[in-house]
Amino acid sequence: MSSELQGHGITLRRLVEADADALTRILADHEVGQWWEGYDRTRVLDELIAEGDGESYGIVVDGALVGLIQYYEQDDPDYRHAGIDLFVDPAGHRKGIGRSAVLVLIGHLIDGLGHHRVIIDPSVENTRSIAFFTSLGFREVGTLRKYERHADGTWGDNLLLELLAEDLVS
Ligand SMILES: CC(C)(COP(=O)(O)OP(=O)(O)OC[C@H]1O[C@@H](n2cnc3c(N)ncnc32)[C@H](O)[C@@H]1OP(=O)(O)O)[C@@H](O)C(=O)NCCC(=O)NCCS
């Protein structure tokens with residue numbers, strides 16, 4: 001994992017333990033927490049800051065941590081692709097921060113790590129996220145039925161979107 005990536009007016013940097021409070025505060029906001037459910041400080045430390053299944057970066061604007069973006073890699077050579085996810089502090093929504101973070105990370109995935117395909121799978125109810133990823137060139141593949149378990153134990157449908165390197169709207 002690169003320790004720092006820069007571009008489009010933002011920096012993506014490695015997360016450290018001292019980031020736990022800021023990330024927990026952002027995740028406690030319903031605007032974010034309804035899609036990233038059940039993250040208390042312990043889970044933030046264990047699953048987002050410590051090495052997990054994927055790689056997480058803090059999104060930094062003017063020195064302030066304003067969100068998180070992460071990726072994982074499917075490394076089977078016959079099916080190679082990356083998946084991403086992110087959240088931005090609601091105080092900074094609709095200012096181009098998410099877009100910048102995705103452009104920087106996908107630039108790294110394509111140019112640095114040699115990926116040709118990136119996927120994302122938001123809840124079908126997360127229309128804001130679907131509009132966001134569509135604006136970047138992601139295309140709808142189809143519905144993943146009863147795909148994600150929610151905090152109340154129910155299974156929700158998600159939408160699989162994919163982006164080929166040549167689709168990226170930069
Ligand atoms: C989705 C999210 C990351 C977008 O971040 P953001 O910094 O607000 O997005 P940007 O300002 O970069 O938006 C880029 C484009 O996405 C689209 N978009 C973003 N928010 C939108 C909204 N609420 N409604 C419609 N389109 C939207 C627009 O095309 C926008 O461009 P424009 O503002 O020039 O019209 C942010 O809303 C968020 O953190 N949501 C909660 C967590 C979440 O849902 N994460 C994704 C889980 S899959």
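Analyst: Helices (H or I, at least four residues) and strands (E, at least two) are DSSP runs, numbered from the N terminus. This is a predicted model, where local features need pLDDT of at least 70, side-chain atom pairs count only at pLDDT 80 or more, and totals for chains, interfaces and linings use all residues. Residues are numbered from 1 along each chain as its sequence is written.

User: In what order do the elements of the protein chain run from the N terminus on?

Analyst: There are five helices and eight strands in the protein chain. Going from the N terminus, the order is β-β-α-α-α-β-β-β-α-β-α-β-β.

User: Which residues of helix α5 are buried?

Analyst: Buried means 20 or more other C-beta atoms within 10 Å of a residue's own, exposed means 12 or fewer, and partly exposed is in between, with C-beta atoms placed from the backbone. On the face of α5 turned away from its buried side sit the exposed Thr127, Ala131 and Ser135. The buried residues of α5 (residues 127–135) are Ser129, Phe132 and Phe133.

User: How do the axes of α1 and α3 cross, and at roughly what angle?

Analyst: Axes here are lines fitted to C-alpha atoms, for helices over the stretch in contact, with angles from 0 to 180 degrees between N-to-C directions. Helix α1 covers residues 20–28 and helix α3 covers residues 41–49. Their axes come within 9 Å, and the crossing angle is roughly 110°.
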